[in-house]
Structures are given as structure tokens and as C-alpha cells.
Amino acid sequence: MSDCLFCGIVAGRIPSTKVLETDRTYAFRDLHPQAPSHVLVVPKDHYVDLADLAATDPTYLGEVFAAAVEVARMEKLTGGHRIIANTGPDSGQTVFHLHVHVLGGRNLGVLAG
Ligand code: AMP
Ligand code: ZN
């Protein structure tokens, strides 16, 4: 989608700091990190959210999560990490191209609403 921010990042039209790339996924640093390590993992193709990709290609969804696990390993988040996929208005999702947040590098505390 030409007007999608994360499609623009995948295509290289919008700059990003790459962490990991696989055949169908791309991982890059969040512009406003909420933890010492804050990486976003996206499918290279445009899907709105988890439900969209799960309904279309569950194998691809597995690749996104496998990439997130690999990012946590690469970032040496040995103390643990948090993986979040905001979905819809109540979650505060602001970019409607599926992305998984990988957060770590400090004690993240309890998940607060
Ligand atoms: P969400 O609220 O789950 O939709 O998360 C969107 C995330 O994208 C936020 O954490 C933003 O800081 C991040 N973000 C927005 N624009 C950019 C960008 N150009 N490069 C990297 N991360 C971005
Ligand atoms: Zn997109």
C-alpha cells in the first residue's frame, strides 16, 4: 500500500534502522523506544493486524513470531522480553500494518492498561 508507513519502510522509501531481515519479514528499531531494546517486526506484505494475517496465511504469521524470537536472541534479552501486537482502537494501535513489538533490556514491570 503506497500510503502505508510500514510498507514505505519495507520498500526503503522511509528510513529505518534494520535489525533483521528474512524472506518475508523485516525488523527495525522503534523510533520512540519504550525500553533499552525496542524493535518492531513486520511482514513485508501488507496485513492490517494479526487476525488479518492469521486468516490468510498462518505459516506467514509463524514466520513473524519466529523473527521476533530471533530478534530477542540477537538483542541478548537474556533477562526476558515482552512481545506485543496492538490490535484495534482500544489497544492504541496507530499503524495499521501488522507489527510485533519486541521489548526488553530492563525490568518491564506488570503489563498495565
Ligand atoms: P502501535 O501503537 O502498536 O501501532 O505502534 C506503532 C509504533 O510505531 C510506535 O511504537 C511508534 O513509535 C513506531 N513508529 C512510528 N513511526 C515510526 C518510524 N518511522 N520508524 C520506526 N518506528 C516508528
Ligand atoms: Zn503496509
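Start at ligand 1 and select His101: an N or O atom in its side chain is 2.8 Å from an oxygen atom of ligand 1. That is a polar contact (a pair of N or O atoms within 3.5 Å; within protein, one must be able to donate a hydrogen and the other to accept it, and residues adjacent in sequence count only if both atoms are side-chain atoms).

Before moving on, please note that this is a predicted model, in which local features need pLDDT of at least 70 and side-chain atom pairs count only at pLDDT 80 or more, while totals for chains, interfaces and linings use all residues. Residues are numbered from 1 along each chain as its sequence is written, chains are lettered from A and ligands numbered from 1 in the order in which they are written, and side-chain values use heavy atoms, with hydrogens and water left out.

**Stop 1: around ligand 1**

Which residues come nearest to ligand 1? Of the 16 around it, they are Asp30, Asn86, Thr94, His99 and His101. Here a residue is near a molecule if one of its heavy atoms lies within 4 Å of it. Now select Leu31, where a polar backbone atom is 3.1 Å from a nitrogen atom of ligand 1.

Next, click on His99. A polar atom of its side chain lies 2.8 Å from an oxygen atom of ligand 1, and a polar atom of the His99 side chain also lies 2.8 Å from the backbone oxygen of His97. You will find His99 in the loop between strand 4 and strand 5; helices (H or I, at least four residues) and strands (E, at least two) are DSSP runs, numbered from the N terminus. Is His99 buried or exposed? With a relative accessible area of 5%, His99 is buried. Buried means under 20% relative accessible area, exposed over 50%, and partly exposed in between (1.4 Å probe, protein chains only).

**Stop 2: the zinc ion**

Select ligand 2, the zinc ion. Which atoms coordinate the zinc ion? They are Cys4 (SG), Cys7 (SG), His46 (ND1) and His97 (ND1), at 2.0 to 2.3 Å. Donors are N, O and S atoms within 2.8 Å of the metal (3.2 Å for Na, K and Ca); water is not among the atoms, so sites may look incomplete. The angles between the four donor atoms run from 106 to 117 degrees, which makes the arrangement tetrahedral, a label used for four donors if all angles lie between 85 and 135 degrees.

Along the chain, the donors follow the spacing C-x2-C-x38-H-x50-H. His46 sits in the loop between strand 3 (37-43) and helix 2 (50-56), and His97 in the loop between strand 4 (81-84) and strand 5 (100-104), so the pair ties together parts that are 51 residues apart in sequence.

**Stop 3: Gln93**

Stay in the loop between strand 4 and strand 5 and select Gln93. Gln93 is buried, at 7% relative accessibility. Polar atoms of the Gln93 side chain lie 2.8 Å from the backbone nitrogen of Gly88 and 3.1 Å from the backbone oxygen of Val95.

**Stop 4: a hairpin**

Finally, show strand 1 (residues 18-21) and strand 2 (residues 25-29), which pair in the antiparallel sense over three bridges. Two strands pair if DSSP finds at least two bridges between them. Three residues lie between the two strands of this hairpin. Select Lys18 and look across to strand 2: Phe28 stands opposite.

Definitions and conventions. Tetrahedral: all angles 85-135°; square planar, octahedral: opposite > 155°, others 65-115°.
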